[in-house]
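Please read it beside the sequence and the model shown here.

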Amino acid sequence: MARSKVEQPIKAERIQKLLSGQPGWEHDHVLSAIRRTYRFPSFVAAIRFVDYVAQLAEEADHHPDIDIRYDKVTLTLSTHSAGGITQKDFALAQQIDLS
């Protein structure tokens, strides 16, 4: 039986380099996560975006923390099983930004 690959956390220096290619995302050192806030013209538009992110997250089997504040949506990505930020977080962030 094959073992699933365990993601390893990315070191802080590498996180900063990867963030330079992900405009709008920032490193939350306290949560050991990457985070971005999006603003929309209405609550309904924000919810549509959350629905889109939910579909991407489900396909990737990697689920962000989502905070909805009327027309603002904040996404926080961290690989909890790895205890920090992994390549999975950056891959999902990139997919989200392609919307």
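His27 stands opposite Ile34 in strand 2, where strands are DSSP runs of E of at least two residues, helices are runs of H or I of at least four, and both are numbered from the N terminus. The model is a predicted one, in which local features need pLDDT of at least 70, side-chain atom pairs count only at pLDDT 80 or more, and totals for chains, interfaces and linings use all residues. Residues are numbered from 1 along each chain as its sequence is written, and side-chain values use heavy atoms, with hydrogens and water left out.

**Sheet**

- Strand 1 and strand 2 (residues 33–39) are paired in the antiparallel sense over three bridges, pairing being assigned if DSSP finds at least two bridges between two strands.
- The open sheet is built of four strands in the order 1-2-4-3, with antiparallel pairing.
- Strand 1 (26–28) and strand 3 (65–69) are at the edges with a single partner strand each, so one side of each has no neighbour in the sheet.
- From one strand to the next the twist averages 25°, with axes taken as lines fitted to C-alpha atoms (for helices over the stretch in contact) and angles running from 0 to 180 degrees between N-to-C directions.
- Strand 3 and strand 4 pair in the antiparallel sense over five bridges, and Ile66 is set opposite Leu75 in strand 4.
- The hairpin of strand 3 and strand 4 has two residues between the strands, and Tyr70 takes a positive phi near 55° there.
- Helix 3 (residues 87–97) lies across strand 2 and strand 4 (72–77), and runs at about 10° to strand 2.

**Salt bridges**

- The structure holds five salt bridges, each defined as a side-chain nitrogen of Lys or Arg within 4 Å of a carboxyl oxygen of Asp or Glu.
- Arg35 and Glu26 meet through their side chains at 2.7 Å, N to O, in one of these salt bridges.
- Arg35 is partly exposed at 23% relative accessibility, and Glu26 is likewise partly exposed, at 40%; buried means under 20% relative accessible area, exposed over 50%, and partly exposed in between (1.4 Å probe, protein chains only).
- Arg36 forms a salt bridge with Asp97, with 2.9 Å between the closest N and O atoms, and this pair links distant parts of the chain, Arg36 being in strand 2 and Asp97 in helix 3, 61 residues apart.
- Arg39 forms a salt bridge with Asp71, where the closest N and O atoms are 3.8 Å apart; Arg39 lies in strand 2 and Asp71 in the loop between strand 3 and strand 4, so the pair ties together parts 32 residues apart in sequence.
- Arg39 is exposed, with a relative accessible area of 59%, whereas Asp71 is buried at 17%.
- Salt bridges with shared partners join Glu26, Asp28 and Arg35 into one network.

- Asp89, placed in helix 3, is buried yet has no salt bridge, and the nearest side chain of opposite charge, Lys88, is 7.7 Å away; Lys and Arg count as positive and Asp and Glu as negative, while His and the chain ends are not counted.
- The side chains of Asp89 and Thr79 are joined by a polar contact of 2.9 Å, meaning a pair of N or O atoms within 3.5 Å; within protein, one must be able to donate a hydrogen and the other to accept it, and residues adjacent in sequence count only if both atoms are side-chain atoms.
- A polar atom of the Asp89 side chain also lies 3.2 Å from the backbone nitrogen of Ser78.

Terms used: Contact = heavy atoms within 4.5 Å.
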